[in-house]
Amino acid sequence: MSKTPNIGRSLSIALAFIVSSLGTLAPLHLAGAQNSVMSATPPSPDPRIGLKPGKWDAGEASWNLRLLSATKPPTQFIDGVNSDITFTGPYAIQGSFNGYQVWNISNPRLPGLIDSHFCPESQSDVSVYGHLLFVSSESLTGRIDCGAQGVTDTVSAARLRGIRIFDITDIKQPKNVANIQTCRGSHTHTVVVDPADKANVYVYVSGTSGVRSPSELAGCISATPDKDPNSALFRIEVIKVPLDHPELAAIVSSPRIFNDLVTPERHGEAAEDIIANEKVVAAAKANGGFVVVMNGRERVMPEGFITQSLNNIVKARGGTGAPTHADSVALHASLQGIVDKFASPAFKPGQPGGGPTQCHDITAYPAIGLAGGACAGYGLLLDIHDVAHPRRIAAAADSNFSFWHSATFNNDGTKILFSDEWGGGAQPKCRVTDKMEWGADAIFTIKNGQMQFKSYYKMPAPQTTSENCVAHNGSLIPIPGRDVMAQAWYQGGISVFDWTDASHPKEIAYFDRGPIDPANLTLGGSWSVYWYNGVLVSSEIVRGLDIFELTPSALISQNEIDAAKTVHFDYLNTQGQPKLVWPPSFALARAYLDQIERVKGMGETRIGATRSELARAERAPAAEQKKRMKWLANQLNGYSSGSTDGAKIKMLAGAVADLSAMSH
């Protein structure tokens, strides 16, 4: 989730307000027993429209996807906000604004809670490597000791804004072995493995908040680089972590990957949002609310920000107790100046200096030496062959994009997808009136280190005004020969789509629930959904942990699903994207054959004969199997030259040849 670029949309403040309204219930496992529709064409009318609302009993709609389990959070987390997920062995580690939870998902129909580590902060982005767990901390209230009392002092040695490192050798008893403080905290981070450096692992830190006081952390400079070359702006931090001595982890570089980017074009607000804001502003003014001007438009300041500001005034005058009327008058007089001080200066499109000063998220793909930086106003392509010193090689801006949020490469590194978190994740941006190009994904091809735009993809079912909905976190599903991705859309649910044809992405499966509250906008839905060892695991912001499986259809065959399940991860950080490698299997060969049949890449007779030969070979003794597979591979290579899908037939031939090589 994004902390939007101005103080009026500060996510931590908005969440503090929203979370305060959430109720508490005892933890309970829920079995997902809804019927899943399975077909080649989506149901019509779309069953996602008009679903029954409810926090725990909302209506559900599913197509080509089956919910295996839905598990509520443990007691200390049930009134919190769940965030991202990482995986190691049989465990899913789920971040939360209250800390993190460890689930054993070896039985996806009945996940078991292993540990719930209470540590309030924003936003507890999580990653693993070996015996180490990394957790992001950005909020002003996050404490080194994980205390629930927060931090109220402007400068405090108790505050942690940066990266926590835990030793999880005993995952039930994590040990905090290091805390790396950074000038802007860590909204997200990316664990990057250097193929040439086995002794260390690296962490790219993306901090999106204001620069902290140098009195709290030496060297933190808020002036822009043109005024001070040591500025904490316009850079990311790279932490080097010695695996044998993680307590020695330290920042080793601060690459300025944003230099020389000009102010991008941005689209305006939706018409209904302008009208709604005017009504809110008028009501606030009539009731003595706190209104400021930001980006040329009047805004009502969030309640959490006002409460904190009033408390600061009370403390500054040496008072105790509740703020007085005089304190309120003083805040009204000073509020615009406070906002102007922290808000970004107004830059015109194309003007130097108005580009992003930080990334929201970076996805590293070490196997191809590239990373994708989703950096507020731009999508960046980075060269990471020198892991400690990433450098920008390409940048894309788009007036249809509001906030570049996250990135995903396809497996061969010829495409990259960026998501747009329009509205910061806490707003309804999938209404029937919202443009399909806004709050969507942008798909680019990559050639010679440059990106070329191809198309947009947006979850196609309109959502209500009480459902926060916009593009968020997802991952590739390892279906061989295709680019298929599962993606979270908050209360828009989960959408699985095929972007093999970069110009024509297509939804092929989904899951959605009705709104949490039919009358009021309430934060919820899927923060992220990732494929891990045969299942899709989703972090539900309010409701807990969801686990799904794909179901076969004319769009995804059982053979393709079986081949995807042969890809095994020992651990997975989606933002440290791994290269997908399929071991030789008959499922892999049949998956390619299904794809060839789907596009009529071979005649029916040859397809039938190939299926029969694969079936006979699978049952045959090893020596005969080797002979049959070698013969079939040669036959298939001969078919490829005259086919409309010759490349896929060659992939099938290669899979068959690999089966021949492994037969003994």
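Let me start with a helix pair: in α6, Phe586, Ala589, Arg590, Leu593, Asp594 and Glu597 meet Ile607, Thr610, Arg611, Leu614, Ala615, Ala617 and Glu618 of α7. Sorted by class, this contact of α6 with α7 has 7 nonpolar, 1 polar and 5 charged residues. Please keep in mind that this is a predicted model.

Now the geometry of that pair. The axes of α6 and α7 cross at roughly 170° and come within 11 Å. Angles over 145 degrees count as roughly antiparallel, so α6 is roughly antiparallel to α7.

Next, α8 and α9. Their axes are 8 Å apart, and the helices pack at an angle of about 165°. That makes α8 roughly antiparallel to α9 as well. The crossing of α8 and α9 is left-handed. On the α8 side, the residues that meet α9 are Lys626, Met629, Lys630, Leu632, Ala633, Leu636, Asn637, Tyr639 and Ser640. On the α9 side they are Gly646, Ile649, Lys650, Leu652, Ala653, Val656, Ala657, Leu659, Ser660 and Ala661. By class, the contact of α8 with α9 has 12 nonpolar, 4 polar and 3 charged residues.

Staying with α9, how far apart are its end C-alpha atoms? They are 24 Å apart, which agrees with the 24 Å that its 17 residues, 646–662, should span at 1.5 Å a residue.

Which residues of α9 are buried? They are Gly646, Lys648, Ile649, Leu652, Ala653, Ala655, Val656, Leu659 and Ser660. The cover over these buried residues includes α6 (586–598), α7 (604–619) and α8 (622–640). As background on spacing, an α-helix has 3.6 residues a turn, so residues three or four places apart point the same way.

Leu51 sits in the loop between β1 (29–31) and β2 (60–63). Is Leu51 buried or exposed? Leu51 counts as buried because its relative accessibility is 13%, and the cut-off for buried is under 20%. Setting aside neighbours within four places in sequence, Leu51 is in contact with Gly59, Glu60, Ala61, Asp512, Arg513, Gly514 and Pro515. Gly576 is another matter: Leu51 and Gly576 are 525 residues apart in sequence, and their C-alpha atoms are 36 Å apart in space.

The other residue is Gln173, in the loop between β10 (162–167) and β11 (175–181). Gln173 has a relative accessible area of 52%, so Gln173 is exposed.

Terms used: Residues are numbered from 1 along each chain as its sequence is written. This is a predicted model: local features need pLDDT of at least 70, side-chain atom pairs count only at pLDDT 80 or more; totals for chains, interfaces and linings use all residues. Side-chain values use heavy atoms; hydrogens and water are left out. Helices (H or I, at least four residues) and strands (E, at least two) are DSSP runs, numbered from the N terminus. The expected span of a helix is 1.5 Å times one less than its number of residues. Buried means under 20% relative accessible area, exposed over 50%, partly exposed in between (1.4 Å probe, protein chains only). Contact means heavy atoms within 4.5 Å. Axes are lines fitted to C-alpha atoms, for helices over the stretch in contact, and angles run from 0 to 180 degrees between N-to-C directions. Angles under 35 degrees count as roughly parallel, over 145 as roughly antiparallel, 65 to 115 as roughly perpendicular and the rest as oblique. A crossing is left-handed if the near helix is turned anticlockwise from the far one by less than a right angle, and right-handed if clockwise. Ala, Val, Leu, Ile, Met, Phe, Trp, Tyr, Cys and Pro count as nonpolar, Asp, Glu, Lys and Arg as charged, and the others, Gly among them, as polar.
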